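Please look over the structure shown below before reading the notes. They are a short briefing on how some of its parts are arranged.

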Amino acid sequence: MKWSLTRTKWATIFAALVFFVIIELLTELVSRSILVDGVRWLIYIVLFLIVLTLANLAFSIFERDQTEKDTYVRELEYRRKLEEEANDEITAINEMVNRQLEELMRMADRLKDAYVGTINMLAIALDERDSYTHGHSDRVRRWALAVGKQMGLEGRELEDLATGAILHDIGKIGIEDNILRKPGPLSSDERAKIETHPVRGEQIIAPVKELHPIIPIVRNHHERPDGHGYPSKLKDIPLAARIVAVVDAYDAMVSERPYRPAMEAEDARHILREVSGTQLDAEIVQVFLQHLYEEEADGRPEPR
Ligand SMILES: [Fe+2]
C-alpha cells in the first residue's frame with residue numbers, strides 16, 4: 001500500500017511537469033493553428049493521460065527494480081548472519097569435541113597403564129610361582145621383540161608379540177605345584193597335564209577381548225614345524241608363536257630346572273641348530289642365534 005501511494009505521487013508530479021512543458025509547446029503551436037477550443041482541450045486531456053500512464057509505468061519499473069535490489073541485499077545480509085552464527089556454533093562444537101577427545105585420550109592412557117600393569121603383575125606372579133623360572137617371561141619378551149624386529153614386525157604386531165611372550169605360559173597357573181616343581185622326570189599322565197597349559201592359557205585370556213590378538217601365541221607356542229607339537233599338531237604356525245617357541249626353548253635350556261642344572265649357552269645353541277626345521281622354525285633359529293652373537297660382540301650380557 002505504501003509502495004503504491006509513493007509511486008502515484010511521484011508519477012503525478014513527473015506527469016504534471018511533462019504535461020505543462022507540452023502545453024507550453026502546444027500553446028505556441030496552436031496559437032498559429034486553426035483548431036477549435038474543444039478539440040484543443042481534448043488533445044490536452046488525452047496527452048495528460050498518456051504522459052501520466054507512461055510516467056506511472058516508468059516509476060513502477062524503477063521501484064520494482066529497487067525493491068528487488070533491496071530484497072537481494074537483505075537476503076545477502078541474512079545469509080551472512082546465518083553463516084557467522086553457523087561458524088560460531090561449529091567453532092564451539094569443535095572446541096567441545098576436542099576437549100572430550102583429550103579427556104578420552106587421558107582415560108585411554110590410564111586404562112592402557114592399568115592394562116600393562118595387570119599383565120606385568122600376572123607375569124611376575126607366574127614366574128614367582130616357580131622359583132626356577134624367575135624372570136623367564138621378561139627374558140622371552142625381550143628376545144622375542146629383538147627377533148620380531150629382525151623379522152619385519154612393527155607397531156601393533158610387536159606390541160602383541162611382547163604381550164604374548166610375557167603371558168605365553170599363563171595356562172601353567174592351573175597346573176598343580178607337585179607337577180610344576182617336580183624334581184624328577186614326569187610320568188606320562190603328568191606330562192599330559194603339563195601339555196594342557198596352552199589350551200588352559202587360551203581359556204584364561206579368552207574373556208578379555210583386548211588379549212585376543214595374543215591367543216595364537218598362547219595356544220601355539222608348543223606347536224612344531226614338523227607337525228609333532230601340541231595341542232593341535234599344527235604345521236602352519238603363526239609367526240609370533242614360532243618366535244616365542246624359539247626364544248622360550250633357549251631360555252628353558254640355559255635356566256636351572258628342578259630336574260637339571262642350567263645348560264651352557266653354547267650347548268643350548270648347538271641344540272637349537274639340531275632341532276632347527278623340525279622342532280623349531282629354521283629361519284627364526286638363524287635370526288635368533290645371529291642376535292645372540294651380536295649381543296656378545298657388543299659386550300652386552302644376555303638378558304637374564
Ligand atoms: Fe609353554
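The model is predicted. Two packed helices are described by the angle between their axes and the distance between the axes. Both pairs below are treated in that way.

**Helices α3 and α9**

- Helix α3 covers residues 136-150, and α9 covers residues 239-254.
- The axes of α3 and α9 lie 9 Å apart, and the helices pack at an angle of about 135 degrees. This angle makes α3 oblique to α9.
- The crossing of α3 with α9 is right-handed.
- From α3, the residues in this contact are His136, Arg139, Val140, Trp143, Ala144, Val147 and Gly148. Their partners in α9 are Ile243, Val244, Val247, Asp248 and Asp251.
- Sorted by class, the residues of the α3 and α9 contact are 7 nonpolar, 2 polar and 3 charged.

**Helices α10 and α11**

- Helix α10 runs over residues 265-275 and helix α11 over residues 282-297.
- The axes of α10 and α11 come within 10 Å and cross at roughly 160 degrees. The two helices are therefore roughly antiparallel to each other.
- The crossing of α10 and α11 is left-handed.
- On the α10 side the contact is made by Arg269, Leu272 and Arg273, and on the α11 side by Val285, Leu289 and Leu292.
- The contact of α10 with α11 holds 4 nonpolar and 2 charged residues, and no polar ones.

**Helix α3 by itself**

- How far apart are the end C-alpha atoms of α3? They are 21 Å apart, which agrees with the 21 Å that its 15 residues should span at 1.5 Å a residue.
- The buried residues of α3 are His136, Ser137, Arg139, Val140, Arg141, Trp143, Ala144, Val147 and Gly148.
- Just after α3 comes glycine 152, with a positive phi of about 95 degrees.

- Arginine 139 is 26 residues from alanine 165 in sequence, and their C-alpha atoms are 8.9 Å apart in space.
- Valine 247 belongs to helix α9. Valine 247 counts as buried because it has 28 C-beta neighbours inside 10 Å.
- Which residues does valine 247 contact, leaving aside neighbours within four places in sequence? They are Val140, Trp143, Ala144, Val147 and Phe288.
- Valine 247 and valine 21 are 226 residues apart in sequence, with 115 Å between their C-alpha atoms.

**The loop between α8 and α9**

- Most residues other than glycine have a negative phi, and most peptide bonds are trans.
- Proline 231 sits in the loop between α8 (215-220) and α9 (239-254). The peptide bond that leads from tyrosine 230 to proline 231 is cis, and its omega is near 15 degrees.
- Lysine 233 is in the loop between α8 and α9 as well. Lysine 233 is not a glycine, yet its phi is positive, at about 50 degrees.
- Lysine 233 is exposed, because 11 other C-beta atoms lie within 10 Å and a residue with 12 or fewer counts as exposed.

Methods: Residues are numbered from 1 along each chain as its sequence is written. This is a predicted model: local features need pLDDT of at least 70, side-chain atom pairs count only at pLDDT 80 or more; totals for chains, interfaces and linings use all residues. Axes are lines fitted to C-alpha atoms, for helices over the stretch in contact, and angles run from 0 to 180 degrees between N-to-C directions. Helices (H or I, at least four residues) and strands (E, at least two) are DSSP runs, numbered from the N terminus. Angles under 35 degrees count as roughly parallel, over 145 as roughly antiparallel, 65 to 115 as roughly perpendicular and the rest as oblique. A crossing is left-handed if the near helix is turned anticlockwise from the far one by less than a right angle, and right-handed if clockwise. Two residues are in contact if their C-beta atoms, placed from the backbone, lie within 7 Å. Ala, Val, Leu, Ile, Met, Phe, Trp, Tyr, Cys and Pro count as nonpolar, Asp, Glu, Lys and Arg as charged, and the others, Gly among them, as polar. A residue is buried if 20 or more other C-beta atoms lie within 10 Å of its own, exposed if 12 or fewer, and partly exposed in between; C-beta atoms are placed from the backbone. The expected span of a helix is 1.5 Å times one less than its number of residues.
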